[in-house]
Structures are given as structure tokens and as C-alpha cells.
Amino acid sequence: MIDDGTGLLTIGELARVTGLTVRTIRYWSDEGALPPVARSAGGYRLYDAASVARLELIRTLRELGLGLADVRRVLAGETTVAQVAAAHVVALDARIRSLKVTRAVLSTVAKRGSGAEETTLMNRLARLSAAERRRIMEEFVDEVFHGLDTADPVIRERMRNTAADLPEEPTPEQVDAWLELAEMLQDPDFRAEMRKAAEFNAADHGHDTPAGASLWFSRRLVQLGARARERGIAPGSPEAAQVLRELLGEADPATVLERLRSHATNRVARYRELLAVVKGTGPEAAYREEFAWVVAALEAHTDS
């Protein structure tokens, strides 16, 4: 405190009182957030007790991440701390989402040992909007089902919509799954593999086949396959043959086996796992083991 009976403080004294550096206080003062209340005879800035309280508020708001422009608006009474805090929460949420994506990309880069080109591609794919993700999936589905008018429309639409469902705040695992999935969707070999499965689907369905019949069969397959595995039924056992009769009814086992083999490849199974992770249901929702059990049972009980 200067010894002139005014009770005013210099910047140095204000720094000692608050624990802030002289440089920081001078910067905030130069930016208009902490104007001096007076000047000494030598031209030095002077502050009072209200300046100490004002400085503590500035420090708090700055530590919470508010910019000086917002701080000045609060101090000038143009807005309230609550209003600025609400707006800042929105900005922080957006920043947190961006950081999660950044972390996921860097984690994948480190895991794969990616080079510069792959890193750039992954970063671009990770930051696509929902509309851009939807476009990638729609182009994939359009190519896979092109000209297959009798293919199950429910399957087609489920495929078109699923990959765009990456949540607003995805986990690193979901971003990583989307990156791998996006690469698969644009792989010509994988598209050809999925095209073959779609052709089988179209061949098995006429125009009068109820929509969703393929989905019903898949659910039934998963249900019976899971039950058989839980009971410890071996695919080659007589009990497995009974499970197949319950699943297939009058359908030709050899034909069903041919169809299922197109759905049970490692890449198709991985595709289903990635979709499940993106949706937040976990890779187990792809039912890789259940499909594999039914295929193994069909192979064991179908004449070559």
C-alpha cells in the first residue's frame, strides 16, 4: 500500500496480495478487464480494495476457461456469470467431443503404426458428419444391391441406416470401429463379397415374400445356435441334427449352407462386429459364434 493515506495499491503490491504475477495483472489491466482507479504522481497505476475483489473474479473466470472478452462483459454488467457459464458449457462439450475423436485417432495410429498418409485418412474419416457417414453407407448399399429388386427391403434399409448412428459423443472404441468399418465399406473386394451375399438373398426371395423374412431367419438362427452352444451340443452330434431340422423346416440344407457360408466369412463377421460396436451394443451382438456353430452343424450333416 502506498504511504499517502489513500489505501491504494500499486501493481506490485496487488501482486503480493493476490499471488498473481505483475505481468499477468498488467496484461489484464491493459486489456481493460482491470482498469486502475487512479495514477500515482509518477504515473503508476493504482488499485483499491474493490480492485482486489475484481481481480479475484477475473482469475476465477479465467481459470474456468473464459476468454477476456467474456470476462469484460461480465464485469461491465452486459451479461451474468450464469449466462456465460451456460454458453461455455456448450463450447466445452463440443471441445470434449473433438478431443475424444482426436484421442481415438491417435490411439489407432499408435496401435497400427500408421504413416502420415494413413493418419491423414483416418483423421478425415473420424471427423465426418452424420450426413457424410450416411452417404458412404448408402453408396456401399446401392452398389451391393444394385439391380436386385427381390432382395429383402428390410435388410437393405437396416444396412443403409446403421453406420450413420455413431453417437454424438462416441467412445474411443466406437471411433476406432468406425474407422475400420469405413475402410471396409470402400474396399472393392469386400463390396464384391457382400454383393455375393445380396445375390443369394435376392434369389431366395420373390416379390411376394414378406419383408423382413431374412431378418426373422437370422434371429431364429441366433436363438437356436446360442441355445445349442449353451447346452454343449457338438455340431456333429445327433442332437445338432435335430436343431437344424427345427431351424430349416423343409428348406434344403445344402442350399442354406451355401447361403450361410457367404455370411459367415471372417470379413463379413468382422463387418457385423464393427456395426455392433458403432451402435454401442458390443462385438458380441454380431453373434459370430452362433453363425459359426450353425455352419459347422450344416457341414457335418449335409451330404457333400
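**Reading burial, pockets and ring pairs**

Biologist: Is Arg45 buried or exposed?

Modeller: Buried means under 20% relative accessible area. Arg45 has 15% relative accessibility, so this residue counts as buried. One caution: the model is predicted.

Biologist: Where does Arg45 lie?

Modeller: Arg45 belongs to strand 3, which covers residues 45–47.

Biologist: Which side chains make polar contacts with Arg45?

Modeller: Look at the side chains of Ser29 and Asp30. The side chains of Arg45 and Asp30 are joined by a polar contact of 2.6 Å. Another polar contact, of 3.4 Å, joins the side chains of Arg45 and Ser29.

Biologist: Which residues is Arg45 in contact with, leaving aside neighbours within four places in sequence?

Modeller: Start with Leu9, Thr10, Ile11 and Arg26, which are among them. Ser29 and Asp30 are on the list too. Pro36, Ala38 and Arg39 complete the set.

Biologist: Now a contrasting case. What is the relative accessible area of Glu138?

Modeller: The value for Glu138 is 25%, so this residue is partly exposed. Glu138 sits in helix 7. Glu138 and Ala197 are 59 residues apart along the chain, and their C-alpha atoms are separated by 17 Å.

Biologist: On to the aromatic rings. How many aromatic pairs are there?

Modeller: Rings pair if their centres lie within 6.5 Å. The count here comes to three aromatic pairs. Take Phe140 and Tyr271 as one case. Their ring centres are 6.1 Å apart and their planes stand at 45°, so the pair is tilted. Phe140 is in helix 7 and Tyr271 is in helix 14, 131 residues apart, and the pair links these distant parts of the chain.

Biologist: Are Phe140 and Tyr271 buried or exposed?

Modeller: Phe140 has 0% relative accessibility, so Phe140 counts as buried. Tyr271 is buried as well, with a relative accessible area of 4%.

Biologist: How far apart are the ring centres of Phe190 and Tyr271?

Modeller: The centres are 5.4 Å apart. The planes of Phe190 and Tyr271 are at 45°, so this pair is tilted. Phe190 lies in helix 10 and Tyr271 in helix 14, so the pair ties together parts that are 81 residues apart in sequence. Both Phe190 and Tyr271 are buried. Ring pairs link Phe140, Phe190 and Tyr271 into a cluster.

Biologist: What is the volume of the second largest pocket, and which residues lie nearest its centre?

Modeller: The second largest pocket has about 170 Å³. It is lined by 14 residues, with Val101, Leu128, Arg133, Glu168 and Pro170 nearest the centre. Helix 5 (81–112) and helix 7 (130–145) are the elements that give two or more residues to this lining.

Biologist: Which helix gives the most to that lining?

Modeller: Helix 5, with four residues. By class, the lining of the second largest pocket divides into eight nonpolar, two polar and four charged residues.

Definitions and conventions
Residues are numbered from 1 along each chain as its sequence is written. This is a predicted model: local features need pLDDT of at least 70, side-chain atom pairs count only at pLDDT 80 or more; totals for chains, interfaces and linings use all residues. Side-chain values use heavy atoms; hydrogens and water are left out. On a 1 Å grid over the protein atoms alone, a cavity is a set of points where a 1.4 Å probe fits but cannot get out, and a pocket is an open set with protein on both sides within 12 Å along at least five of seven lines; lining residues have an atom within 4 Å of a point. Grid points are joined across faces, edges and corners, and a volume is the space filled by probe spheres set on the points. Ala, Val, Leu, Ile, Met, Phe, Trp, Tyr, Cys and Pro count as nonpolar, Asp, Glu, Lys and Arg as charged, and the others, Gly among them, as polar. Buried means under 20% relative accessible area, exposed over 50%, partly exposed in between (1.4 Å probe, protein chains only). A polar contact is a pair of N or O atoms within 3.5 Å; within protein, one must be able to donate a hydrogen and the other to accept it, and residues adjacent in sequence count only if both atoms are side-chain atoms. Contact means heavy atoms within 4.5 Å. Rings of Phe, Tyr and Trp (its six-membered ring) pair if their centres lie within 6.5 Å; planes under 30 degrees apart count as stacked, over 60 as edge-to-face and the rest as tilted.
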